[in-house]
Amino acid sequence: MVPRDLPWHHIHPRYRGPPATALLLRLPRVGRGDHRPAREHRDILLVGPAPGRLPRRHAAPDLLAYSAVGDAIMGDGWARRWVRPAQALVFFTVVIAVVIGVGQLLLGLDSEANQGSPSLSLSAWIAVAGPLLLLMSSAPDVEKSWGISLGGTVATAVAVVMFIVGSGAALAQERHNGEEAEYGRPEGDTRLQYFMGVAESFGIVAFAYGGHCVIPDVHASLGHAEKDESRQAMRKAWTGAYLGIVPSYFLIVNLSYAAFGSGVSAFLIDDLKPHVSTAFLCVLYGFSLVNFFCLGAIYNQAAFVYIEEMLDRCHCSCRKTLPSHAEAEDAENRKTSLRKKIAIRVSYIGFGTLVGAMLPFFGDFAALSGAVGFTPCTFVYPFWLYNRSKEGREAPSWRRTVNWIL
């Protein structure tokens, strides 16, 4: 599954409470003789917090971005070398994964509506998904995206319950009919295929689990005036998110594996079709679509800020010859024009949609490169920054040691 950053921890509900992280869970299926690029996994959006701990921003409480926190602690230029490359990889692979996922869901709905004969191909539906995602990402900034996040939160909860119910119903029907799924290592796989399947599954889990790329931006959007109030709100959000995602994840993983074994398909909804009604499937498709759209919209907002900051830096570097330093600083802090915002959004989502339509099985690459991007931002940098911060240097030695080990 793929992470989703919005409050209730990645599903930004516009309740004035803490944000939560919505994770788009990906149920991996290890191995299969055909070794298809879209290797057997299913995406479900769940709510859950990102791991790790970013340090308190004592020195600069007005910092909004991950990169700004890193530069404040490690020195100017640190984020440019370490954080921004990983963020760029994450943002772009997420938009591609989202348009592919939405395209697959729209294809499924099309197939259901036309008795198994879809009117458009997967690539065509991916092309349709791009403009729809652009529309969902039209909010001017993260702070204006709470309504989208609220919708994503509700859709996430409903979709999770429906996947649990559907998998449970399939398991009960198979047991009632005396059927038994095959478990264990799939037949026909070589050791190399099996190893690569396992490795990819871990990459997918990292892709799904990560969320620190946008958490500082989400945190700042809460608008708390006091540090303690802000930290308490985020702590509540993470606790609530974990309480939701852990049982949901394990219920779906275990029920689906118990019902379908190692033969689970790349698209869990396809496995559920023989066991649930058409109306149930259509509702599940609908809520899953909302999940994907909200996931993409929130990550896109962080990506837009990232791109705008890079463009502003380039603009400022071109104006360094001006006699007035204040003028250059004003240029750097000037808000991006509406025309620039539109150009960034259309270009970014348009290119991601083009790549997704050309490579509709881009999911494997997204899992690999996304894991490469998510891993440092989620499992490395937070601990590193904490240990190097003032708070970390004053922390007990055992805590610093545990952080370095982790």
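Start with the contact between helix α3 and helix α11. On the α3 side are Ser123, Ile126, Ala127, Gly130, Leu133 and Leu134. They meet Arg345, Val346, Ile349, Thr353, Gly356 and Ala357 of α11. By class, that contact has seven nonpolar residues, four polar and one charged. Please keep in mind that this is a predicted model.

Now the geometry. Helix α3 covers residues 122-136, and its axis comes within 9 Å of the α11 axis, with a crossing of roughly 165°. Angles over 145 degrees count as roughly antiparallel, so α3 is roughly antiparallel to α11. The crossing is right-handed.

What angle do α2 and α11 make where they pack? It is about 60°, and the axes are 8 Å apart. Here α2 is residues 78-113 and α11 is residues 338-358. The two are therefore oblique to each other, and their crossing is right-handed. From α2, the contact uses Phe91, Phe92, Val95, Ile96, Val99 and Ile100. From α11, it uses Tyr348, Phe351, Gly352, Thr353, Val355 and Gly356. That contact has nine nonpolar residues, three polar and no charged ones.

Last, the chain as a whole. There are 14 helices and three strands. Of its 406 residues, 52% count as buried. The accessible surface is about 18300 Å², with 64% of that belonging to carbon and sulfur atoms. Taking contacts between residues at least 6 apart in sequence, 76% join residues at least 24 apart.

Conventions
Residues numbered from 1 in each chain as written. Predicted model: local features only at pLDDT ≥ 70, side-chain atom pairs only at ≥ 80, totals over all residues. Heavy atoms only, no water. Axes fitted to C-alpha atoms, helices over the stretch in contact; angles between N-to-C directions. Helix = DSSP H or I, 4+ residues; strand = E, 2+ residues; numbered from the N terminus. Parallel < 35°, antiparallel > 145°, perpendicular 65-115°, else oblique. Left-handed = near helix turned anticlockwise from the far one by under 90°. Contact = heavy atoms within 4.5 Å. Nonpolar A, V, L, I, M, F, W, Y, C, P; charged D, E, K, R; others polar. Buried < 20%, exposed > 50% of the residue type's maximum accessible area, 1.4 Å probe, protein only. Areas by Shrake-Rupley, 256 points an atom, 1.4 Å probe, with all protein chains shown as cover.
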